[in-house]
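Dear colleague,

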Amino acid sequence: MGTLIMHIDMDSYFASVEQQANPHLRGKPIVVSGRPYIHSVVAAASKEAKRYGIRSGMTTWEARKLCPHVIFVPGSPEKYETMTRRFLEILIRYTPMVEVYSIDEVFMDISQEALRWGGPLALAKRIQAEFRRELGEWITCSIGIAPNKMLAKLAVEEAKPAGIRWIHPEEEPEILEKTPVEAVCGIGPRIAKRLHHMGIWKLADLSRFPERYLRQAFGVYGTTLYLWGRGLDPTPLIPYWQEEEVKSVGHSHAIPRTLRHPEGARSVLLYLCERTGRRLRAKGLAGRVIHFGFRDAEMRWRAKQRALDVPTDDDETIFQTALDLCEELGGFPAETTLVGVRVASLVPKGETPRPLLPWERRREKLLVALDRIKDRYGEKAIWRGSVYACSMLTEATGGMGRQKEIALSFKGAA
Amino acid sequence: MLRPVKQPVDLEAIFPAHALYPRPTGFRWQGRHYRVQEVHLVHERWEGATRLLLYSVTADGSLLQLRYDTARARWYVDGVYVEEG
């Protein structure tokens, strides 16, 4: 038996966790989203809601139109994070070759372990049974098995919901002939459109196209496309213990209707800068490049970045730089629907110059004191008055994609 | 929807040798003894340095959230789930 990759995808994850926690929600169309008064998107729809055509990424307004009696449940990131940690603990019992792909998706290399557990199918069934027993009956997963990650991800789509699909090597030619290019994770609508213009509709069409033409059109990515067309995948599995440290730290958030005016957007930006600075300090990092962006009422995204002379982890510096960038973009529009800030080019804080000016040293001490209060008594223990209006944002669904940090925390514990 | 309660309670629990979390079996609340019939889900939350364990349970037919404050070793009825939709 050659390489065997298992892809585990939790079914309607956030919604299933909520249904597991609250039996009143079971069997009903529910949607996990931000708080009801925040203009929000569907983070997850239950199996019952999906029957009405509700899908992740839709606006809550669209979801309600499709199913007027749908129940909106505010997202609870700590619930999903706890459950992700628990299912990872189960998987790591079988193999250390586990890649945390997202908060609800995992790749495992089971080439060595499958035989010991009676083959890949028996292993997959065992994992599903353990999830049911240890996580709960309502939290189910679908499992795809194939010789590589790309095919395993295709397999899992056929396995949904709660099934298992194993793509054997002899099936590959038929699958490549029938699978549309846009079904592959990594081929988005824009690339698919370009491929269609080139007469490439199915995966197998990619292998019939000369590789050099694909490289001319798509650069290095052209080779990946060519290999996918032949049922190969150059993407390696990166186990959680090889996960690289973070390359940037940042936050973005959809803005509730009441805060979409320029002053409100400014408050949300300050709040996000504080959270970014706090995370940088907790990791002992500082960053030199500040990225800032916002989305207006017409859903246009505008963004700009600036490199600082000295790396920073200071909330105020991040905020003032982001504000400068905002001014360069013409300022916040009358209605801002989303704002984001990110700090990149990270270095360890210890490698950055110490502050020379007294007011800089005072400010650093103040931040340390604030961090200590929050570490001890929680994030809500102390607030700036100017971001108090943002308290409604804290439990919304933003920040649920913390798979990298979860993987890194497992790495630290290993 | 969870209607907050946040009241401390006298609670009986098992601390199993081979499970991750303690398991509540019964508690006294508002002058009445409740028997925990099923634990649906346990999740963790950090409030500063304090680790909280939150239990969604059915107790004598009521759906409740219990909270265990690991720093103070105290149990609370955190809230009551109210049916909607």
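The findings are set out below by topic.

Please bear in mind that this is a predicted model.

Domains. Chain A is divided into three parts: domain 1 covers residues 1-167, domain 2 covers 174-229 and domain 3 covers 246-413. The centres of domain 1 and domain 3 of chain A, taken over C-alpha atoms, are separated by 30 Å.

Contact between the chains. On the chain A side, 18 residues are in contact with 14 residues of chain B. Three elements of chain A give two or more residues to this side, namely α1 (13-21), α4 (77-92) and α14 (358-377). Of these, α14(A) gives the most, with 4 residues. Sorted by class, the side of chain A that touches chain B has 7 polar, 6 charged and 5 nonpolar residues.

A helix pair in chain A. Two packed helices are described by the angle between their axes and the distance between the axes. For helix α12 (residues 262-283) and helix α13 (residues 315-328) of chain A, the axes come within 8 Å and cross at roughly 140°. α12(A) and α13(A) are therefore oblique to each other, and the crossing in which α12(A) passes α13(A) is right-handed. From α12(A), the contact is made by A:Leu269, A:Leu270, A:Cys273, A:Glu274, A:Thr276 and A:Gly277. From α13(A), A:Asp315, A:Ile318, A:Phe319 and A:Ala322 take part. The residues of this contact divide into 6 nonpolar, 2 polar and 2 charged.

Yours sincerely

Technical notes:
Residues numbered from 1 in each chain as written. Chains lettered and ligands numbered in written order. Predicted model: local features only at pLDDT ≥ 70, side-chain atom pairs only at ≥ 80, totals over all residues. Contact = placed C-beta atoms within 7 Å. Nonpolar A, V, L, I, M, F, W, Y, C, P; charged D, E, K, R; others polar. Axes fitted to C-alpha atoms, helices over the stretch in contact; angles between N-to-C directions. Parallel < 35°, antiparallel > 145°, perpendicular 65-115°, else oblique. Left-handed = near helix turned anticlockwise from the far one by under 90°. Domains from an automatic or database assignment.
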